[in-house]
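Subject: Structure for your review

Dear colleague,

Please find below the structure that I am handing over to you, together with its sequence. My findings follow directly after it.

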Amino acid sequence: HCSKPYECPFSARCWPEPIAHNVGELYRGQKKQRDQLAAAGVATIDLIPPRFPLNVIQQRQVRAVCDDAPVVTDALPGQIALPAYPIHYLDFETFSPAIPRYPGTGPFHQTAVQFSCHTRYEDERLEHSEFLSEADDPRAEIAGHLLDALGTEGTIVVYSGFEATCIRDLASAVPERRDELTQLLPRLWDLCSVIRKGIYHPDFHGSFSIKSTYPALCPGSGYADLEVAGGYEAMAQYDALLQEKTPSWRKKKIRAELLAYCERDTRAMVEIHKVLEDLAAKSAGH
């Protein structure tokens, strides 16, 4: 009843727009910190007193918000120089049904059903490969396509430890490809960890998720133009894709939407990585 059949005139009072850079955005802020700041009448991050106890990333956040500019640390140049070509940017999407669907899994077990991979070569060529399974058990199928996409050389850039978990799960579920899949793990390189150690942008708003870092570091980018723009939504759409009652035209649309969403994640990693390389080069030059 807030918007139908008419927009409620009191919506702005019930759901006010949050204050920009409010103390609730403090990175991993603890209740004790928030209570102390509220008691002192501090509503926004830029007003936090200089001697207020903060962790290292919170200190960077305060500085970035006060200066309205990114804070680049001395660690960034060394961190960003690690990958070896060809660089593979990898992202999985998973399906975790309440009622186990695949052998050896339990309720809500996350099973990889889709991946996107952008491969960047030293001459800046970019190739894209992707796969979305609709098989009764997608694990053997996706393992084979994944190994073909990643080959045996180059760094595999991921965003957090989630991809490592997916690869280990595939290795356990597909024993005939276990050795090949396990050999991928030492090649993984976590871009999120590099960002967390190397830079803080005021537009992160206390979050290092790719949904926050991508538009902040690459202005004009994001996920707003996609039909599927989040992991939970992707899982719901994948469930619809598997249903026999879903019409074929709808399944075709869902496939296109899921592929576009996963592709955006790996393209985001490519673009973020390039921005960080430029920032690291400038930082090292100074």
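The lining of the largest cavity is made up of 6 nonpolar, 2 polar and 1 charged residues. Please keep in mind that this is a predicted model. The residues around the largest cavity are Glu93, Thr94, Val113, Gln114, Leu132, Ala234, Met235, Tyr238 and Leu258. Strand 2, strand 3 and helix 10 each give two or more residues to this lining, and helix 10 gives the most, with 3 residues. The volume of the largest cavity is about 30 Å³, and the structure holds 1 cavity of 30 Å³ or more. As background, rolling a probe the size of a water molecule over the atoms shows where empty space is left.

The largest pocket has a volume of about 430 Å³. It is lined by 20 residues, and those closest to its centre are Asp91, Phe92, Glu93, Phe162 and Tyr261. Which elements give two or more residues to the lining of the largest pocket? They are strand 2, helix 6 (162–173), helix 9, helix 10 and helix 11. Strand 2 gives the most, with 4 residues. By class, the lining of the largest pocket has 10 nonpolar, 5 polar and 5 charged residues.

I turn next to the strands. Strand 2 covers residues 87–95 and runs antiparallel to strand 3, to which it is joined by 9 bridges. Strand 3 also pairs with strand 4 (residues 126–132), again in the antiparallel sense, over 7 bridges. Ser116 illustrates both pairings: its bridge partner on one side is Asp91, and its bridge partner in strand 4 is Glu130.

Strand 3 and strand 4 form a hairpin, with 5 residues between them. Within the turn, Glu124 has a positive phi of about 75°. Glu124 also belongs to a network of salt bridges, in which it is linked with Arg120, Lys274 and Glu277.

How many salt bridges does a search of the whole structure find? The number is 12. In general, side chains of opposite charge can pair when their charged atoms come close.

Glu134 forms a salt bridge with Arg255, and the closest N and O atoms are 2.8 Å apart. This pair links distant parts of the chain, 121 residues apart: Glu134 is in the loop between strand 4 and helix 5 (139–150), while Arg255 is in helix 11 (residues 248–285). Glu134 counts as partly exposed because its relative accessible area is 36%. Arg255 is likewise classed as partly exposed because its relative accessible area is 26%.

Asp225 forms a salt bridge with Arg264, with 2.9 Å between the closest N and O atoms. This pair too links distant parts of the chain, 39 residues apart: Asp225 is in the loop between helix 9 (210–217) and helix 10 (231–242), and Arg264 is in helix 11. Are these two residues buried or exposed? Asp225 is exposed, because its relative accessible area is 55% and the class begins over 50%. Arg264 counts as buried, because its relative accessibility is 15% and buried means under 20%.

The side chains of Arg177 and Glu180 meet in a salt bridge as well, at 2.7 Å from N to O. Arg177 is partly exposed, with a relative accessible area of 24%, and Glu180 is partly exposed, with a value of 37%.

Finally, I would draw your attention to Lys197, which is found in helix 8 (residues 191–198). Lys197 counts as partly exposed, because its relative accessibility is 43%. Which residues does Lys197 contact, leaving aside its neighbours within four places in sequence? They are Arg60, Thr73, Ala75 and Gln79. Ala75 lies 122 residues away from Lys197 along the chain, yet their C-alpha atoms are separated by 6.8 Å.

Yours sincerely,
A colleague

Technical notes:
Residues numbered from 1 in each chain as written. Predicted model: local features only at pLDDT ≥ 70, side-chain atom pairs only at ≥ 80, totals over all residues. Heavy atoms only, no water. Buried < 20%, exposed > 50% of the residue type's maximum accessible area, 1.4 Å probe, protein only. Contact = heavy atoms within 4.5 Å. Pairing = 2+ DSSP bridges. Salt bridge = Lys/Arg side-chain N within 4 Å of Asp/Glu carboxyl O. 1 Å grid on protein atoms, 1.4 Å probe; cavity = no way out; pocket = protein on both sides within 12 Å on 5 of 7 lines; lining within 4 Å. Points joined across faces, edges and corners; volume = space filled by probe spheres on them. Nonpolar A, V, L, I, M, F, W, Y, C, P; charged D, E, K, R; others polar.
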